[in-house]
Amino acid sequence: MSVILSMNRFQFIGYMLAFALFYLFFKGELKHEKKIILICAPLILFYFIIKFRIGLEFTGLYTLFGGPIFAMFSDGDIALIEFIK
């Protein structure tokens, strides 16, 4: 959503609500901490799985085994996601 210029203001509101939730959580005023953890943990796990998949699209074998400096000079590097598909 940050790609759309007008959506950036809505992200700011979401960040402020998230910070308020973190503040209340760590201050210890929330009574249903286990429910919040059970709701947030799958969402955070889903986020990391998606980011890992996106990372596999841009990382190749030569990047892992040859090093990132030498990967800049190779032309035909195969993305790691191709091995999973």
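1. The model is a predicted one, in which local features need pLDDT of at least 70 and side-chain atom pairs count only at pLDDT 80 or more, while totals for chains, interfaces and linings use all residues. Residues are numbered from 1 along each chain as its sequence is written, and side-chain values use heavy atoms, without hydrogens and water.

2. E57 and R53 form a salt bridge whose closest N and O atoms are 2.3 Å apart, the term requiring a Lys or Arg side-chain nitrogen within 4 Å of an Asp or Glu carboxyl oxygen. The structure holds 1 such bridge. Because the two residues are 4 apart in helix α2 (residues 33-58), about one helical turn separates E57 from R53; helices here are DSSP runs of H or I with at least four residues, numbered from the N terminus.

3. F12, Y15, M16, F19, F22 and F26 make a nonpolar surface patch of about 730 Å², where patch members have over 30% relative accessible area and no salt bridge, and nonpolar side chains (Val, Leu, Ile, Met, Phe, Trp, Tyr) are joined within 5 Å. Y15 is found in helix α1 (residues 8-27) and is partly exposed, at 47%.

4. The lining of the largest pocket divides into 10 nonpolar, no polar and no charged residues, among them F22 and F26.

How values were computed. Patch = residues over 30% accessible without salt bridge, like charges linked within 9 Å, V, L, I, M, F, W, Y side chains within 5 Å. Areas by Shrake-Rupley, 256 points an atom, 1.4 Å probe, with all protein chains shown as cover. Buried < 20%, exposed > 50% of the residue type's maximum accessible area, 1.4 Å probe, protein only. 1 Å grid on protein atoms, 1.4 Å probe; cavity = no way out; pocket = protein on both sides within 12 Å on 5 of 7 lines; lining within 4 Å. Nonpolar A, V, L, I, M, F, W, Y, C, P; charged D, E, K, R; others polar.
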